[in-house]
Amino acid sequence: MEQLKTIGRELAMGSQGVWGSSKEFLELVKTIGEAKSKAEEERIVLAEIESLKRRIQEPDVPRKKMKEYIMRLVYVEMLGHDASFGYIHAVKMTHDDNLLLKRSGYLAVTLFLNEDHDLIILIINTIQKDLKSDNYLVCCAALTAVCRLINEETIPAVLPQIVELLNHQKELVRKKAVMALHRFFQRSPSTVSHLFPAFQERLCDRDPSVMSAVLCALYDMILVNVKPFKHLVASLVSILKQAVEHRLPKSYDYHRTPAPFVQIKLLKILALLGTGDKAASENMFNVLGDILKRSDSTSNIGNAILYECVRTLTSIYTNPRLLQNAAEITAKFLKSDNHNLKYMGIDALGRLIKITPECAENHQLAVIDCLEDPDDTLKRKTLDLLYKMTKANNVEVIVERMVEYIRNISDNHYKTEISSRVIELAERYAPSNQWFIQTMNQVFEIAGDLVPQKVAHDLMRLIAEGAGEEDEDADSHLRSSAVQAYLQILKEPKLPSILLQVISWVLGEYGIADGSHSAEFIIGKLCDIVATRPGDDKLKGYVVSAITKICAFEKAAGQTVDLIPECVSFIEELYASHSTDLQQRIYEFHAVLKLDRDTIASILPMDASCEDIEVDKDLSFLNSFVESALANGSRPYLSDNERRGMGAMTTLASNNDAGTSSLLRFQPYEKPSIPEPAAALVTASHYSQDAIDQHDIYSKSSSNDGTRLKLEGVQKKWGRPTYTPEAQVPKNPINISDSVKVSSSAAGKEASSRNSSAPPYTERKQPSQEISAEKKKLAASLFGSKAGETKAKPAAKLQQNGTSKKAPAKPTSPPAPAPAPPPADLLDLSDSLPQIPSVDPVDQLADLISVDSSAATSTTSLVEQVLDAGKVATKGPSPQASLQKDSVSRQVGVTPSGGTNPDLFKDLFG
Amino acid sequence: QIRFVLLISRQGKVRLTKWYSPYTQKERLKAIRELSALILPRGPKLCNFVEWKGLKVVYKRYASLYFCICVDSEDNELDGLEVIHHYVQVLDRYFGNVCELDLIFNFHKAYFILDEILIAGELQESSKKSVSRVISAQDTLVENAKEQASSLSNMIAQATK
């Protein structure tokens, strides 16, 4: 039956031959429609292209036939094939006098060409002629084409004519002229900036369609600059009023809603105009209230208006009553069964909480529902919302959700986006280092190579620096738990390279630090890492450095290292590696192994990745070498400038009082002070070849030399970009250890450990203060002015748990275990907890803040505590505060408890 | 602002495309492929929006055809949905009970109508009446042209007899 109908229609159309669709074309469409596979379709289309190519070039194709060919080209191009051979014919067709053909020509041209195409220049003339045409339909065709085809350079060619058309008697033409000018504004705002008054005049056009076209243009212009349009608020409001009160022509009704598209556009414009402008906003309150009252929420379009209203209300100067209405609408959206409305509701909620954060609490269940929804779009939108409302007290739950989400998607675009959000949240709100490391590991594991390298460096730095305070115990706990975790992770197949790099570095640095693993075991693991990724040179570099370090540590501790067979073969292979970097590393490794115990201990000291390295900028240790060379008759060093004879004057004048103006100088320097880069390069090559032999020389000379060492500017000489703290680049641990090898001297060790704490840590000090300040602020906004100390949040949470959302809790109430177990399906918090293998934060807490535990109920002392911690902390979130928080949240909110108690969702909502 | 309009059949065949922002042919194909993979499998009860590369695609299914428009992420999705519906209503009004076949065989007409509704990615005409008026004005012109042509050919035919 269905088929019969189809055939009937085809026959009808075939016989009509509407617009000259010939039988051939119908046939083509039909065969493509019946094609069983993509390949078959391809074949048919290619054949069609061939035949078109042939026939279109025949001389004297009748015009009507040509039009048909061009339509067929359009069809072919629509299916994704190249029809560029026919473009010129479409251009030709626009010259035709027959309107029908002209219109088809324009249509084809607008579909084929974009505004930068070479053929455009051929059309300009036609367009100019057509814009002057008496027939308004011709005018319209040209204007439609103008919108698509005119680029910045050709705007002046048509602009005057189009401005004239703004006053055309036909409203259709006026409207299209406005749209064309709008397009010009988008292309190049300066060309039409003098026309703003003309636009405003058209705003009062008798015909609503012209007015609505002007609105589109106005919106774009206001988006760029609000200022010149502020005076329009009153007239726009009155237009909106007319629209709302049904005073526009009936034909603009849409599903019995008066001119909804106009209303929405106006609301958008008003939102822009009212942002941060109290007077303008107050003008709007009336009409906005009116819309909220009148709009019917049963139809889609009504909801569209309501949603737009909410958006406007959240961006203009707020009015509490209207905001209340907006919240009600949002609630209605969220409660709806319609997924579209839920989506809009989530979006609206995201806007509302920027103004009134507390309104989120009423919608917890709805949001959780959306998060659990099978609809991916909705889920993603909800994650967006959660991202916006993440606070220190709910970060764990939210991050866990996000990680779970990226685990299940394959779209790289969103994987990258969401994982970068996870990283951002984790960096901002991490409750503990332990948790941070664990989260990062997960992100690496899932998103792998999509994560920027910087994050890996940050993570390594965090592990290296630990909590950043004097508390070495906590640090080593952190490290050994990191080692433990990584050894665990290594068992999984297919890890991304970046994670393996981090693992190699951590194992090399701390693998044997706590003595629970033997060197052989770690080296074996490292060799396994390489085996999984044979082609990855960068990773190999990390591994070689790690092995070097472990061997050095062992030797320094007075033990002999027997390399296991895999390791030996791995190393043998690298001696002949194509990568010079790898070769260098392996030769260095070789050289290090041959050294005696003390030297090794000084060049690769245990746990020194955070130590500062002093660099002898003047290379004074080479003085004796240079002097002896000069004594042996070498030519003195000339700086680059001098050698080129440029700037000879200045350098000579500064270096030598006897400065002559001759380009060459023949007397030697008294003393080669401050060598220029070229000299450094010469010695540098020396230096890395037999770094070890030279070692004694410069350790002596640098200890003899009393000059203070400066770090800045050194990288230029050595071409190593990373090891000065001045450089903003995150420290690359490998380079650090390398440079330990090269330049840390016997004398350097103590001195550097003295100085070390200062430069790298100052960078991090600021964020910690910021974070604690922010936490305070957030807490304050969540729980009234009393907050600002960590205990208040969980306590308040607890209170609400008990009293089920009745009254705001008193922050002074002591923490106690939450009463009810959580719903297993939603937030299984027992699993979400960071599994801390060897350390219980509560224990740590006791160690760290023993004073505090007695005073747990005293708010003020806690505030002080936290404030102190903020001040004292040298990096990251202060460990005391975070541990405290960690333990409290364990006790209260996050402990496995609760049945179907909805208040546990407080984790998401604070 | 609307980036592009796409009509895809349930089998993933393209019925109409209109690009308001510059896309190369390659990007177009990729977009069509990705979007049909994204949209076609979605169930009927899910919401009509899909996020795609920082933009949003609003789609609606009418019988076997998916109408998709790609809008900026800040645009009002419900509004987009109604733009689609508006277009479909105009099509319906023009063709009288529009079906997929009408669009297949008269795709240029669908384009003309679209041109009257959307220009450069903006909704230009929200009154159905005026859209139909313009289109029918064009059609009358066409009819006139046709009559002229046929009368001309008649005359020629008679003259050559």
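**Close-up 1. Salt bridges in the predicted model, with the pair Asp277(A) and Lys230(A) as an example.** Over all chains the count comes to 34 salt bridges, a salt bridge being a side-chain nitrogen of Lys or Arg within 4 Å of a carboxyl oxygen of Asp or Glu. One of them joins the side chains of Asp277(A) and Lys230(A), at 3.1 Å from N to O. This pair links distant parts of the chain, 47 residues apart: Asp277(A) sits in the loop between α15 (260-274) and α16 (278-294) of chain A, and Lys230(A) in the loop between α13 (208-224) and α14 (233-244) of chain A. Helices (H or I, at least four residues) and strands (E, at least two) are DSSP runs, numbered from the N terminus. Residues are numbered from 1 along each chain as its sequence is written, and chains are lettered from A and ligands numbered from 1 in the order in which they are written. The model is a predicted one, in which local features need pLDDT of at least 70 and side-chain atom pairs count only at pLDDT 80 or more, while totals for chains, interfaces and linings use all residues; side-chain values use heavy atoms, with hydrogens and water left out.

**Close-up 2. The interface of chain A and chain B.** The contact (heavy atoms within 4.5 Å) takes 75 residues from chain A and 69 residues from chain B. Between the two chains an area of about 6500 Å² is buried, of which carbon and sulfur atoms give 56%; buried area is the accessible area (1.4 Å probe) that two parts lose on being put together, summed over both. Five salt bridges are found across this interface, and Asp75(B) forms a salt bridge with Lys268(A), with the closest N and O atoms 3.4 Å apart. On the side of chain A that touches chain B, helix α10 (residues 171-187) of chain A gives the most, with eight residues.

**Close-up 3. The open sheet of chain B.** Five strands lie in the order β2-β1-β5-β4-β3 with antiparallel pairing, where two strands pair if DSSP finds at least two bridges between them. The edge strands, each pairing on one side only, are β2 (14-19) and β3 (49-52) of chain B. Strand β1 (residues 2-9) of chain B is joined by seven bridges to the antiparallel strand β5 (residues 65-71) of chain B, and Phe4(B) stands opposite Cys70(B) in β5(B).
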